[in-house]
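Student: I have just opened this model and would like to learn how to read it. Could you guide me through a few features?

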Amino acid sequence: MSKAQFPSIRMRRLRQTDWVRRMVAEAHLSVDDFIWPIFIRDGKNEREAISAMPGVHRLSIDLAVEAAKKAADLGIPCMALFPNTAPDKRTADGNEACNPENLVCLATDAIKSAVPNIGILCDVALDPYTDHGHDGLLEGETILNDETLEILAQQALNQVAAGCDIIAPSDMMDGRIGVIRDALEFAGHADTLIMAYAAKYASAFYGPFREAVGSGNRLKGDKRTYQMNPANSDEAMREIELDIAEGADMVMVKPGMPYLDIVQRVKDNFHIPTFAYQVSGEYSMLANAAEQGLMDRQSSIFESLLAFKRAGADGILTYFALEAAEILNS
Ligand code: PBG
């Protein structure tokens, strides 16, 4: 190694013009990186604002189809669908999750019929369907693990029957990837993709999402007995390893920006398609800061998304997907 120093080394040479900055850029953002989560509600021609997420709306299925057309035209590869289930359909056992005519299934079917070239990802977890807001069955104050697995497998099969391409278990029950993978194989769905919310932390950053799906004000207690402790990193490696062994095709880290160290460790260690979820709270922080004039909206969005790529993510679930894709395409 030479001992070259200033002035023979001047780091600023590589930063002096736009073309050279672009030429030496290590990370790149493209429309192919995006999965766009949207919220579905009942009705027709309904576009309902979500106060905790300025700029994001709950869409009735007809408008969700329009949104999917737009996304596909912009080149967004995949959308994630989340339902705001009517209160009278929320029960202790969340069995609306297994109704072939629930909002997610109807929306999946409608979108796949009208826009076959966009991938559809569906969450597997009971929280949009339970009256207690938990992701699994509740007995006293305990979330039952093994009893929940059965209903999750049914929920997954129900969504696949509606046309879902990617099953994304977000419930954090132990063993769910294996149980769902077996159920898919047994039912003849050998090609269904699984993206495991493998390292999912018990996070305050999900607050706005819970308003969006209407589970927040129902939630009794918290999710710390099944979602991960934000203090842990080695434990995330164990979660990822297990989910891959059980049959996950892709893994996810969630939330995103506060957990970029986890994204990097996962990508470095497992060499598997790795996604990060820029969750509702991250969206709302940026959107609100921009709305108040504290930060430039476009550049803070792009900086935050690029950071995921730099950390090693292969893709990002982001509520900014449509806006970012429009800018990337222009
Ligand atoms: C459901 C689920 C949650 C999110 C995605 N799937 C909420 C939770 O676990 O409480 C959060 C997404 C976001 O905040 O944007 N299990």
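Student: How do the residues of the lining of the second largest cavity divide into nonpolar, polar and charged?

Tutor: Start with the classes: Ala, Val, Leu, Ile, Met, Phe, Trp, Tyr, Cys and Pro count as nonpolar, Asp, Glu, Lys and Arg as charged, and the others, Gly among them, as polar. Here the lining has three nonpolar residues, one polar and five charged. The lining consists of M172, M173, D174, G175, R176, E239, L242, D243 and E246. Helix α7 (residues 234-245) gives the largest share, three residues. Helices (H or I, at least four residues) and strands (E, at least two) are DSSP runs, numbered from the N terminus.

Tutor: Keep in mind that this is a predicted model, where local features need pLDDT of at least 70, side-chain atom pairs count only at pLDDT 80 or more, and totals for chains, interfaces and linings use all residues. Residues are numbered from 1 along each chain as its sequence is written, and side-chain values use heavy atoms, with hydrogens and water left out.

Student: What is a cavity, and how many of 30 Å³ or more does the structure hold?

Tutor: Rolling a probe the size of a water molecule over the atoms shows where empty space is left. On a 1 Å grid over the protein atoms alone, a cavity is a set of points where a 1.4 Å probe fits but cannot get out; lining residues have an atom within 4 Å of a point. Grid points are joined across faces, edges and corners, and a volume is the space filled by probe spheres set on the points. The structure holds three cavities of 30 Å³ or more. The largest has a volume of about 130 Å³; of its 16 lining residues, D127, K200, Y206, F209 and K254 are the closest to its centre.

Student: Which residues are buried in α2?

Tutor: Buried means under 20% relative accessible area, exposed over 50%, partly exposed in between (1.4 Å probe, protein chains only). In α2, the buried residues are I61, L63, A64, V65, A67, A68, A71 and L74. They pack against several elements, including β1 (34-41) and α11 (321-329). After α2 comes G75, with a positive phi near 95°.

Student: Is P273 exposed, buried or partly exposed?

Tutor: P273 counts as partly exposed because its relative accessibility is 36%. P273 sits in the loop between α8 (260-270) and β11 (274-278).

Methods
Contact = heavy atoms within 4.5 Å. 1 Å grid on protein atoms, 1.4 Å probe; cavity = no way out; pocket = protein on both sides within 12 Å on 5 of 7 lines; lining within 4 Å.
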